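Have a look at the structure first.

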Amino acid sequence: MKPNEKPVANPVVVLREEFDDWAVLFNPDTANAVGINPVGVAVWKMLDGEHDLAAIVSEVKEQFEDVPEPVAEELDGFIDNLAEQGFVGEETPAQ
Amino acid sequence: MATGNSNGQAAGAPRVMRSPRSLDVEITSRCNLRCKYCYYFENPQVEYEDLPAADWLRFFEECGEAGVMDLSIAGGEPFIREDLRELLKGVVRNRMRFALLSNGGLIDDSIAEFLARTGRCDYVQVSIDGSRAETHDACRGRGSWEGAVRGVRTLQRNGVGVAVRLTIHRYNVDDLEATARFLLEELGLNSFGTNSAGYLGVCQRNAGGVMLTTQDRQRAMETLLRLNERYDGRITASAGPLAEGRTWKDMEEARRRGDEEWPGRGHLTACGCTNSKMAIRADGAYVVCNMLAHAKLGRMHEDSLVDVWQRHPDMMAMRHRHEIPLGTFEHCKGCEYIGYCTGNCPGLAYSMTGKINHPSPDACLRRYLQDGGKIPGIETGAPAGGGQLFPIMNGGLG
């Protein structure tokens, strides 16, 4: 993920909250599904084209206790992984 | 970090997903065929009515909002609905995938091309019960084999995933080898599924002429196990002779070794469906399962899908069914297989005994052996006691 990039969730992907605060992200176009934990759910809800990585990290630190220090790297990897699977993209500026 | 159950469920209740992952949807109560072993028709507790498209489309919105991932759309025959395209567009619009269960006879290039274009169709399951018209049409009616095969070829030509289900009965039990060859070699399917005619719906009236006898069942098991070896596991089954042939061999070997109770056995554990899915009848009634179509939980647009799913007492009771020990049933008294048994399908248990919370006599290994059946690959004598194929019918057990 580039420094100022503000990722956006693929609007076709369904966030299916299942047990407790765990959830499944389901892409009906590809039938791909991934399980995510409560932090993943919170991050997913911030993929609105308004938050860059720094803002997401800051929100996660605010919402959850005992967040380990390499959180920025982990979240960067998590979002990159979602992007590789087509769950996340970047908004294209209007021409 | 947020933890705990936010579903508002009482302490000690089984963990329940917030909404079903999948729904079995009977989109219509109409069908172009009248099969002799149809589980769907002739259930006196079911109202055979269809809902207008507008009702289904509104319901699909509710499903989408609840996060339902996929629908298995059956009937009746789903392709009989003139508004099927409109309905499927509603499914797609609400971010779900779907599969269709069909007899194949009404599938043409136009609808197959439409299905392919949706990009959301997992597969269409077509019922083919024989290698030739004679064996298939014996229970499904003249011309139905030709229609089913044409349907499969049409789907294949248009790039739609095809699954085939073979229902084994008295008329096709000797055609299994040729059927496997036809499906896997001639039609080129990757695999096909098998089951056998079950004591439900129309089949109850025709049971004596249609359902497998103990000897038929043994023959079907032997043939399917042999064929599955030849075809590298391309024949599948979760119930019926192939599944029984495998499971019963394991159970008998466990009994001979004196194994302790297997995990997840010895109780009514056969069906875990109610942890991830439920069903909707064509008239809009929510039910536990298509095989328990009498068990109404509520009605579309009158009751919330999520509320029914999370809180209906009958749904909750089904989720506790696995806690009921088989040893408490008269049917299972003294059975040496209890520790390896699941009690089998609740739908068949109900149709044969009038009770959901009861083991199904249909797939009972002890009864099969008492009736003179043999397990392929095992030399065994029949346990003492004799018995009949269907000693217990509706309401028969006190």
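## Confidence

Keep in mind that this is a predicted model. Chain A comes out with an average pLDDT of 91, and 95% of its residues score at least 70. Going element by element in chain A, strand 3 (residues 23-27) has the highest mean pLDDT at 96, while strand 5 (residues 88-90) has the lowest at 86.

## Chain B overall

Chain B is built from 13 helices and ten strands. Its C-alpha trace spans about 60 × 55 × 45 Å along the principal axes. A compact globule of 398 residues would have a radius of gyration near 21 Å, and chain B has 21 Å, so the two agree.

Buried residues account for 48% of the 398 residues in chain B. If you take the contacts in chain B between residues at least 6 apart in sequence, 74% of them join residues at least 24 apart.

## Where the chains touch

The contact between the chains draws 16 residues from chain B and 15 residues from chain A. On the chain B side, that splits into five nonpolar, six polar and five charged residues.

## A helix pair in chain B

How do helix 1 and helix 2 of chain B run relative to each other? Helix 1 (residues 53-66) and helix 2 (residues 84-93) of chain B pack at an angle of about 10°, with their axes 9 Å apart. Angles under 35 degrees count as roughly parallel, so that is what these two helices of chain B are.

Helix 1 of chain B brings Ala53(B), Trp56(B), Leu57(B) and Phe60(B) to the contact, and helix 2 of chain B answers with Glu86(B), Leu87(B), Gly90(B) and Val91(B). By class, that makes six nonpolar, one polar and one charged.

Most residues other than glycine have a negative phi, and most peptide bonds are trans. Here are some spots to check against that.

The peptide bond joining Gly75(B) and Gly76(B) is cis, with omega about 15°. Gly76(B) sits in the loop between strand 2 (70-74) and helix 2 of chain B.

Ala31(A) isn't a glycine, yet has a positive phi of about 70°. It lies in the loop between strand 3 and strand 4 (32-36) of chain A. With 13 other C-beta atoms within 10 Å, Ala31(A) is partly exposed. Asp232(B), also not a glycine, has a positive phi near 55°. Its place is the loop between helix 8 (214-230) and strand 7 (235-236) of chain B. Asp232(B) has 9 other C-beta atoms within 10 Å, so it counts as exposed.

Methods: Residues numbered from 1 in each chain as written. Chains lettered and ligands numbered in written order. Predicted model: local features only at pLDDT ≥ 70, side-chain atom pairs only at ≥ 80, totals over all residues. pLDDT = per-residue confidence, 0-100. Helix = DSSP H or I, 4+ residues; strand = E, 2+ residues; numbered from the N terminus. Contact = placed C-beta atoms within 7 Å. Nonpolar A, V, L, I, M, F, W, Y, C, P; charged D, E, K, R; others polar. Axes fitted to C-alpha atoms, helices over the stretch in contact; angles between N-to-C directions. Parallel < 35°, antiparallel > 145°, perpendicular 65-115°, else oblique. Rg over C-alpha atoms; globule rule 2.2 N^0.38 Å. Buried ≥ 20, exposed ≤ 12 C-beta atoms within 10 Å, placed from the backbone.
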